[in-house]
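User: I have a chain open here and want to go through its fold with you. Can you take my questions as they come?

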Amino acid sequence: MTSNRPYLVRAIHEWIGDNSLTPYLLVDAAWPGVIVPPQAAKDGRVVLNIAPRAVAGLDIGKDWISFNARFGGVSYRVEVPLGAVLAIYAQENGQGMMFPAEDTPSAPPPANSESEAPTKKGGHLRVIK
């Protein structure tokens, strides 16, 4: 049976937005494949504001959450495997859902992510194999 986590994250995200609140993710920053600016993590965790006004290109997929966001005025590509999501909640009142910790995968995630380096505005090139 597939994980219900991606479906619940999408549903809670929509519910928070429908109530004009700000959706935040609590993420295990040490989870393999998590790409966030190093300065954003504290005590092995990172809190990410995923409100439409805070991110661009938000994609909550079956296995990954990805988007572009600014940290200290610099644009970064953020990628989070769904297994690393510990909670999604409304910043204003804390309502949302916590998730049980999953076993960390033993194999590294597929190489589908871009560099952790800051992105510049405009187009960019990357090698496609």
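User: How many residues does the chain have, and what share counts as buried?
Analyst: The chain has 129 residues, and 36% of them count as buried. Buried means under 20% relative accessible area, exposed means over 50%, and partly exposed is in between, with a 1.4 Å probe and protein chains only.

User: What sort of model is this?
Analyst: This is a predicted model, where local features need pLDDT of at least 70, side-chain atom pairs count only at pLDDT 80 or more, and totals for chains, interfaces and linings use all residues. Residues are numbered from 1 along each chain as its sequence is written, and side-chain values use heavy atoms, with hydrogens and water left out.

User: What about the largest nonpolar core, which residues touch the most other members?
Analyst: L48 and I65, out of 26 residues in that core. At least two core residues each come from α1 (5-18), β1 (23-28), β2 (45-49), β3 (55-60), β4 (64-71), β5 (74-81) and β6 (85-90). β4 gives the most, with four residues. A nonpolar core here is a set of buried Ala, Val, Leu, Ile, Met, Phe, Trp, Tyr and Cys residues joined through side-chain atoms within 4.5 Å.

User: What is I65 in contact with?
Analyst: Leaving aside neighbours within four places in sequence, I65 is in contact with V9, L25, L58, D59, I60, V78, E79, V80, L82 and V85. Contact means heavy atoms within 4.5 Å.

User: Is β4 mostly covered or mostly exposed?
Analyst: Mostly covered: six of the eight residues of β4 are buried.

User: Which strands are in the open sheet?
Analyst: Three strands, in the order β3-β4-β5, with antiparallel pairing. β3 and β5 are at the edges with a single partner strand each, so one side of each has no neighbour in the sheet. Two strands pair if DSSP finds at least two bridges between them.

User: And the connections between those strands?
Analyst: β3 and β4 pair over four bridges and form a hairpin with three residues between them. In that pair, V55 stands opposite A69. Eight bridges join β4 to β5, and this hairpin has two residues between its strands. G72 in the turn has a positive phi of about 60°. R70 stands opposite S75 in β5.

User: Where does the helix sit?
Analyst: α1 lies across β3 and β4, at about 140° to β3. Axes are lines fitted to C-alpha atoms, for helices over the stretch in contact, and angles run from 0 to 180 degrees between N-to-C directions.

User: Is I50 buried or exposed?
Analyst: I50 is buried, with a relative accessible area of 1%. The C-alpha atoms of I50 and A69 are 8.6 Å apart, at 19 residues along the chain.
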